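User: Please examine the following protein and answer a series of questions about its architecture.
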Amino acid sequence: MYELFKNLGTWLTSGSQWSGTDGIAHRLAEHLEYSLLATLVAAAIGLPLGLLIGHTGKGAFVAINLASFGRALPTVGLVVLVFLASGLSMWPVYVALVALAVPAIVTNTYAGMTAVDPDVRDAARGQGMRGRQVLLQVELPLALPLIMTGLRLALIQVVATATIAAYVSFGGLGRYVFDGLAQRDLVQVLGGAALVAVVAVTLDLALAALQRFLFRHRTA
């Protein structure tokens with residue numbers, strides 16, 4: 001075991017391991033590109049949907065059941081299905097990652113909207129605010145903490161799952177995991193898994209810090 005971790009440390013700190021198109025720096029950039037782009041697309045889909053459902057109260061069944069759908073979604077199966085339909089491209093990966101991230105964003109956005117005190121909504125309407133004004137000026141600011149939590153959850157899930165890009169011969173940190181398994185190189189497999197974990201934890205801590213900064217006045 002000691003020898004394994006020693007070799008892992010050497011693998012992670014070797015200068016040659018960080019350079020070139022197969023190096024950690026390049027694979028890390030690819031992984032972040034896949035993850036951030038998929039999360040942004042998921043947010044563009046999930047946020048308006050969650051806000052609409054939460055504001056109107058219509059379609060709550062959809063929001064509630066999306067969470068279960070997201071947990072049950074066979075990500076690799078979806079990649080293979082889209083791969084067979086579209087051919088060799090990044091589309092299968094992005095479709096799978098977006099489909100994974102949307103449920104967390106929709107359900108948390110919906111939860112944030114439903115957590116807004118109905119009396120606050122009534123007071124806003126009593127001051128002459130219309131539907132869109134109530135949504136943007138009252139409900140959305142109050143729901144933002146839970147919305148941010150949903151975005152954090154979605155991003156971490158996507159970062160952890162973006163390794164599937166290597167499953168269809170593309171890059172990212174998953175390349176080390178799949179190549180290591182094919183070559184029976186345990187050090188490479190552990191190195192790839194460790195890097196994915198570090199990226200996920202780092203992004204989560206960064207978003208948590210941003211969330212505390214943005215809403216510091218609410219706990220002051």
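User: What share of the accessible surface belongs to carbon and sulfur atoms?

Analyst: This is a predicted model, in which local features need pLDDT of at least 70, side-chain atom pairs count only at pLDDT 80 or more, and totals for chains, interfaces and linings use all residues. Residues are numbered from 1 along each chain as its sequence is written, and side-chain values use heavy atoms, with hydrogens and water left out. By the Shrake-Rupley method with a 1.4 Å probe, where for residues only the protein chains shown count as cover, the accessible surface of the protein is about 11800 Å². The part that belongs to carbon and sulfur atoms is 67%.

User: How many helices and how many strands does the protein have?

Analyst: Both are DSSP runs numbered from the N terminus: helices are H or I with at least four residues, strands E with at least two. Along the sequence the pattern reads α-α-α-α-α-α-α-α-α-α. The count is ten helices and zero strands.

User: Where is the kink in helix 2 centred?

Analyst: Helix 2 covers residues 24–56, and its 33 residues reach 47 Å from first to last C-alpha, close to the 48 Å expected; the expected span is 1.5 Å times one less than the number of residues. The bend at a residue is the angle between axes fitted to the seven residues ending there and the seven starting there. Just after this helix, G57 has a positive phi of about 80°. The kink within helix 2 is about 25° and is centred on A43.

User: Is W11 buried or exposed?

Analyst: The structure contains three aromatic pairs, counted where rings of Phe, Tyr and Trp (its six-membered ring) have centres within 6.5 Å; planes under 30 degrees apart are stacked, over 60 edge-to-face, the rest tilted. One of them joins W11 and Y176 edge-to-face, at 5.1 Å centre to centre and 90° between the planes, and it links helix 1 (residues 2–13) with helix 8 (residues 174–183) across 165 residues. Y176 is buried at 3% relative accessible area (buried is under 20%, exposed over 50%, partly exposed in between, with a 1.4 Å probe and protein chains only). W11, because its relative accessibility is 12%, also counts as buried.

User: Which residues is N108 in contact with, leaving aside its neighbours within four places in sequence?

Analyst: N108 lies in helix 5 (residues 91–114) and counts as buried because its relative accessibility is 14%. Its side chain reaches the backbone oxygen of A104 at 2.9 Å. Taking contact as heavy atoms within 4.5 Å, the residues are L146, I147, T149, G150 and L153.

Terms used. A polar contact is a pair of N or O atoms within 3.5 Å; within protein, one must be able to donate a hydrogen and the other to accept it, and residues adjacent in sequence count only if both atoms are side-chain atoms.
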